[in-house]
Amino acid sequence: MLDRGWQDEAPPDWDHADGTPDPARATTARTESGPRPQLPYVAGFDGLRALALLAVLAFHHGFEFVRGGFLGISSFLTLSGFLLGTLALAEWSQDGRLNVGRLWEHRAKRILPPVVLTVALVVVLQVVLRVGAGPGFRGDVLAALGQVLNWRFAFSGDGFASVLTDPSPVQHLWPLSVLVQLTVVVPLAFVGLMRATGRRWRTAGAVFALAAAVSFWLALRTARASGNDGLAYYGTHARAGELLVGIALAYAVLSPAVRRVIETRQGIALVRYGAPAALVGLAWLWHSTSLYSTNLFGGVTAVNAVLTAFVVLAVTAPGPATTLLGSLPLRTIGKVSFAAYLLHWPLFLLIDDARLDLPSPLLFLVRVAASLLAAAVVTYGLETPFRTRISLPRPRLALVVGIGLAAVAAAALVLPEQPPPGVSLTVDDGSGAGDLDVVVPSGGDEELSVTLVGGTLAGSLADGFTTWNGTYTDQQVRVHTHVAEDCPLGGAGPVRLAGAVVGEDTACAGFAPRLPELLEAAAADVVVVMPGVADLGEREIDRAWRHLGDPAYDSWLRERLHDLDATLRAHADKVVWATSLHVRLAPHGDDGDDWTDVAANDPARVDRLNAIIREVVGDREGGVVDLDAWSHRLPQGGEFGATHRLDGRDLTPAGAAALVGKLVPALTGEPGRATPDPTTTTTALPVDPAAPVDPAAPADPAAAPG
């Protein structure tokens, strides 16, 4: 998909006995620059592109069962590296030279025209229909045209999660930037190594393999230092390894020693029947790996590249994988996969559930059909004619391409930048929490506007505000929420919690990128941060699974909460943190029902989290409200009574009403009021939020100070 142009059609007689390419027998085409090798058409390559494309499309649609579909991009890079390496070796085998300028010319003719068309489409959709409108639009477009988009995203701070939340309409073009950058550098490195090694060309192949290993190591070090987002995901140095594996494969298949092994009966059987297993391995990685998997850059990308390389080798010879990947449907999709990848993202943004109210699977089919149809038009109407029928001198070609790039860039700068069509932040947890105006004034004057930020505990407070508004018409509160179930305030990523792994789903991945936009749209008087349960679990910090109370974890979490607090304060006049409530989580699945078996229920973890929250807030006046202390005094069973707590974690409507009765006065600075419990006749009496709390205080609020 990302690089079909490396593979020109040629007579299929360019093979060893086992079907692997032999550059020494490559057909040549005469041009003004001399002979140029052409690689034979291998249908299985297009089939592999088709599978990887469909995985990426399913991932971008939001299917959780393909949460690792973004690894299809890695497979594209590996295949591109193999074709680049094979083509370079084929040309070098003729006369010991590689015409780098001609190679760059062919790359430009294949890549740039459809890219310019795609970005032009993005600009038109933004101006006319506000599709893709949002902060950073112009900068993203210019970076995409300049082939440096990956570096812009690497230092933007939002990470790849933004592709599922508030996406740039050119978000998907970052791999093209990586590919173009490597296309400039790798041929030069190839020429230098081949000249330096002379007849010992296998040494050059070993250097490329070593460079791939170094790239994977750099990606791992970067991810451990700053997470999977940003530099580890987008940096050219961190992603080069996936392409270099393909180049190393090109050298390997030309090695006499490797070919002797492949051409044995056992070698042929291994390649032929091992390929289906490699495809299954790729499918498993694309299903099970998430953006925040701790081993994403600790082996997954390397394994994905190696498995892809094995499939690439296998489909050059007869076998089950060759038959499957060379089938008519897959190879047909593969032939238009480059254009389909370029066009699918703006079309996905255009064909969304707001414009086309369809069930998710049907909407996906419509999106895919539209992408493939548009791709066929672009492939056979623009891409193929431009690279096969238009012959221009290089200066004139550079002028034509430059004019196209400049025209689109000028349009992006001159045409009006439309505002986003609105904030859509609903979390699919059945509660409706996660949107603007979750609670609105009911017949009285609005005195306070609040944005709740956190997990489902924060969302469960919405019922309490509804009860408050129904009781006190003179002190109405408007509530917005930004919540995601079991999403740690420390950031998305795998968290071990009560026997399950949480914090990796789409809602959590989008929590941080969506936050600034929601805060701007809500324009609330005060932001209230309510910790959930996920930060009480374990996550991998410095190559070990750690939890609250571990100095390394505490230091890491303190820094993350400082960053969150800074983000909130940059978009809100007042930020208040609530202390975390103690919890009694039940073990997940069939692990039993004794809450004492769950390490996250340790009160010491909650106490440590609350201490870190106070450290983050510092001496900011009114920066902390102690909901944990108030929860100890809830009537009818105390903080874990069934009337007020649900499953030992979130609040019932009665519990929410009781705590909101304490929270609103703390936010407004007015005297506390009694708030009716919506499920009982018991009234939660006010407690002075500034009053000291006695841990041994009785559950009856009437006996408590206040």
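This is a predicted model: local features need pLDDT of at least 70, side-chain atom pairs count only at pLDDT 80 or more; totals for chains, interfaces and linings use all residues.
Colleague: What makes up the chain in terms of helices and strands?
Modeller: The chain holds 25 helices and 15 strands. Of its 706 residues, 56% count as buried.

Colleague: How do you know that the length of helix α9 agrees with its number of residues?
Modeller: Helix α9 covers residues 236-253, which is 18 residues, and at 1.5 Å a residue these should span 26 Å. The end C-alpha atoms are 26 Å apart, so the two values agree.

Colleague: Where is the kink in α9 centred?
Modeller: The kink is centred on Glu-242 and amounts to about 35°.

Colleague: Why is α9 called largely enclosed by the rest of the structure?
Modeller: Buried means under 20% relative accessible area. In α9, 16 of the 18 residues are buried, so the helix is largely enclosed.

Colleague: Why is the pair of Trp-151 and Phe-155 called stacked?
Modeller: A pair of aromatic rings is described by the distance of the centres and the angle of the planes. Ring centres must lie within 6.5 Å to pair, and planes under 30 degrees apart count as stacked. Here the centres are 6.2 Å apart and the planes are at 20°, so the pair is stacked. A search of the whole structure finds 17 aromatic pairs.

Colleague: Why does Trp-151 count as partly exposed, and why does Phe-155 count as exposed?
Modeller: Exposed means over 50% relative accessible area, and partly exposed lies between that and the 20% limit for buried. Trp-151 has 29% relative accessibility, so it is partly exposed. Phe-155 has 60%, so it is exposed.

Colleague: What makes the charged end of Arg-496 sit over the ring of Trp-545?
Modeller: On distance, CZ of Arg has to be within 6 Å of the ring centre, and it must also be within 35 degrees of the ring normal. The charged end of Arg-496 is placed over the ring of Trp-545, 3.7 Å from its centre. Arg-239 likewise has its charged end over a ring, that of Tyr-233, at 4.8 Å from the centre. Tyr-233 also belongs to an aromatic cluster, whose members include Phe-59, Trp-174 and Phe-297.

Colleague: Which residues touch the most other members of the largest nonpolar core?
Modeller: They are Phe-190, Leu-561, Leu-568 and Trp-577, in a core of 162 residues. Helix α2, residues 71-95, gives the most to this core, with 12 residues. Apart from it lies another core of 32 residues, including Trp-468 and Val-664.

Colleague: Which residues is Leu-568 in contact with, leaving aside neighbours within four places in sequence?
Modeller: The contacts of Leu-568 are Val-453, Leu-515, Leu-519, Val-527, Val-529 and Val-575.

Note on methods
Residues are numbered from 1 along each chain as its sequence is written. Side-chain values use heavy atoms; hydrogens and water are left out. Helices (H or I, at least four residues) and strands (E, at least two) are DSSP runs, numbered from the N terminus. The expected span of a helix is 1.5 Å times one less than its number of residues. The bend at a residue is the angle between axes fitted to the seven residues ending there and the seven starting there. Buried means under 20% relative accessible area, exposed over 50%, partly exposed in between (1.4 Å probe, protein chains only). A nonpolar core is a set of buried Ala, Val, Leu, Ile, Met, Phe, Trp, Tyr and Cys residues joined through side-chain atoms within 4.5 Å. Contact means heavy atoms within 4.5 Å. Rings of Phe, Tyr and Trp (its six-membered ring) pair if their centres lie within 6.5 Å; planes under 30 degrees apart count as stacked, over 60 as edge-to-face and the rest as tilted.
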